[in-house]
Amino acid sequence: MTTTHNHKHKEMALYIEGLTVSFDGFKAVNDLSLYVEEQEIRVIIGPNGAGKTTVLDLICGRTKATSGSIKFKGKELTRLKEHEIVHAGVGRKFQNPSIYEDLTVFENLEISYPRGRNVWGALIFRRDDEVRKKVHEIAEMIFLGDKLDSPADLLSHGQKQWLEIGMLLIQDPELLMLDEPVAGMSVSERKQTAALLQRITKDRSVLVIEHDMQFVEDIADRVTVLHQGKVLSEGSMERVKSDPKVVEVYLGH
Amino acid sequence: MPFTSIRELLPKKDLVGFAILALIIIVLMPLFLDIFRLNLIGKYLTYAFVAVGLVLCWGYGGILSLGQGVFFGLGGYCMAMFLKLEASSPEATAIQSTPGIPDFMDWNQLTELPWFWEPFHSFTFTLFATIAVPVLFAFIIAYAMFKRRVGGVYFAIITQAIAAILTILIIGQQGYTGGVNGITDLRTLHGWDIRTDSAKYILYFISAFLLFACLFAAQYIRKSKLGRILVAMREREDRVRFSGYDVANFKIFIFCAAAAISAIGGAMFTLQVGFMSPSFVGIVPSIEMVIFAAVGGRLSILGAVYGTFVVNWAKTSFSESFPELWLFAMGALFIGVVMAFPNGLAGLYQSYIQPWLKTFINSMLSKYQQYIPAKFGLGKPAQEAAK
């Protein structure tokens with residue numbers, strides 16, 4: 001496991017400052033500041049309703065911030081549309097596997113391949129060797145190499161989760177956001193997923209929401225604990241675990 | 001080009017489907033039907049354009065439009081305006097108080113041709129406008145709605161409202177549009193009389209040719225990545241957005257494409273039937289067109305053509321005997337198809353006839369394989385089946 005002592009030397013990839021979003025007066029995220037370094041794996045934990053998913057929604061543009069700033073590689077994301085945020089290098093996996101069930105595994109990955117993303121490009125898009133090679137490579141990585149031609153709705157729950165991770169990988173994002181990637185997985189699937197994440201998180205920053213503490217310990221460089229839309233505690237897993245505030249609101253239960 | 005071979009664009013089973021339809025429309029129908037019936041089929045062909053457009057935008061894109069009659073009508077009106085101007089030469093309209101303008105304008109005390117009629121003296125402009133006007137109109141609607149993320153039922157209701165508004169507008173502006181009667185008494189195209197039997201044959205074949213051109217365009221779209229993006233969007237719009245696509249642009253494109261195809265049908269309708277009226281623009285015809293696509297199978301471009309034929313044939317024979325019951329029958333048909341056969345005729349074909357056909361052909365091939373020279377490669381399906 002990487003230790004945290006050398007993080008000081010790395011560049012910051014994501015700056016979130018003073019981020020607030022208010023739904024009819026309820027502040028789901030309240031004056032939140034969060035910094036993620038390049039190549040860091042950051043896990044966000046916290047009780048239900050702490051605003052974890054909302055933070056990801058804000059970063060990827062699904063929810064518009066009431067105030068505050070999200071800067072990624074120098075670009076202000078709060079002003080961009082969803083697809084522009086993707087083009088800026090942000091990829092996001094949803095909590096429930098969000099894949100195209102009427103299409104095959106191959107087609108699911110192909111659609112996510114970052115070429116021909118406008119109308120004209122999609123009309124003249126050609127499934128050439130480059131695309132095929134990349135799709136096969138990613139499919140092997142997500143343990144679906146032999147499932148390329150099967151319709152995605154025939155996959156198991158865990159395989160659907162992997163497929164969605166694969167759809168993100170083929171986009172090659174610089175910031176990968178995963179919302180509960182191992183939810184609903186069996187123990188062996190969890191282990192495979194942890195190993196997969198270790199491999200794919202090289203060369204990019206990763207932001208993960210997860211409840212499974214063992215899984216968090218396995219993958220996290222640093223952990224941020226959210227509570228009522230604010231950062232309650234932040235640091236290495238050991239530090240966070242021993243923080244009395246965290247024990248009280250979250251881990252103590 | 002996205003396709004390396006014609007096989008990729010038109011796999012064997014699609015090729016067979018295209019060939020059978022071509023045989024029916026281009027060979028069998030003209031061979032066995034008299035000109036009256038053939039002209040009727042020609043009229044149905046023009047509705048089939050709209051149904052094919054609906055398969056693209058509703059079946060694939062998930063955008064239900066209850067206002068396709070608008071685009072059919074606009075295409076038809078553009079063509080009708082040209083033909084009407086040609087029929088309203090000063091010599092032919094000498095008895096009017098203002099000769100040289102269409103008769104209905106004269107009856108409505110108009111003394112000169114409205115400015116927007118002027119360009120329709122030119123046939124080139126008319127051909128351009130036949131497509132451009134409906135597409136521009138579709139683009140404005142789609143841009144306003146989809147960029148604001150209005151979709152689903154709301155979009156369907158809005159298209160229906162637009163169909164109603166346009167009908168009211170056409171009927172209300174009698175002097176400019178011919179009102180409720182529409183634009184009638186169309187005679188010649190560049191001096192070529194379109195009312196004769198030979199003209200009707202030629203127009204039938206032009207319609208058939210254009211329909212196949214549109215079917216190929218639709219086949220291209222559904223086989224391209226754009227077709228798969230449409231399916232993906234229909235299922236999970238958000239995921240497509242977060243894969244880096246501007247979903248609204250794709251919806252705008254497919255809605256405009258459907259409008260263009262419908263407009264071609266409308267123009268051919270005017271030419272074959274000899275008039276255009278608001279009764280092809282409004283809510284009822286628009287919904288009828290959705291039923292054509294639903295009966296044929298909303299995911300099948302060829303099914304849409306068969307659906308159009310079947311429903312219209314039923315309409316013609318049924319409404320002759322029980323005119324007042326027809327609308328109820330059609331409503332029941334729509335509900336029945338959606339509930340019992342959501343994939344329409346095409347779905348029935350795929351799940352019952354096609355498997356049977358395949359085993360039949362393969363058994364025949366394996367039986368007579370020894371007589372077929374290997375270089376034709378016809379034995380292949382049998383081997384594949386054996387695998």
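Visitor: Which domains does the domain assignment give for chain B?
Guide: Happy to start there. The bounds come from an automatic or database domain assignment. In this predicted model, local features need pLDDT of at least 70 and side-chain atom pairs pLDDT 80 or more, while totals for chains, interfaces and linings use all residues. Residues are numbered from 1 along each chain as its sequence is written, and chain B is assigned domain 1 (24–342) and domain 2 (345–387).

Visitor: How many residues of chain B are in contact with chain A?
Guide: Contact here means heavy atoms within 4.5 Å. On the chain A side 36 residues take part, and on the chain B side the number is 28.

Visitor: How many salt bridges does the rule find across the interface of chain B and chain A?
Guide: The rule asks for a side-chain nitrogen of Lys or Arg within 4 Å of a carboxyl oxygen of Asp or Glu. Asp238(B) and Arg62(A) form such a bridge, with their closest N and O atoms 2.7 Å apart. Across the interface of chain B and chain A, the count is 6.

Visitor: Which helix gives the most to the side of chain B that touches chain A?
Guide: Helices are DSSP runs (H or I, at least four residues), numbered from the N terminus. At least two residues each come from α9 (197–223), α10 (225–235), α11 (237–241) and α12 (247–273) of chain B. With 8 residues, the one that gives the most is α10(B).

Visitor: Are the rings of Phe82(B) and Phe123(B) stacked, edge-to-face or tilted?
Guide: Rings of Phe, Tyr and Trp (its six-membered ring) pair if their centres lie within 6.5 Å; planes under 30 degrees apart are stacked, over 60 edge-to-face and the rest tilted. These two centres are 4.9 Å apart and the planes stand at 50 degrees, so the pair is tilted.

How values were computed
Chains lettered and ligands numbered in written order. Heavy atoms only, no water.
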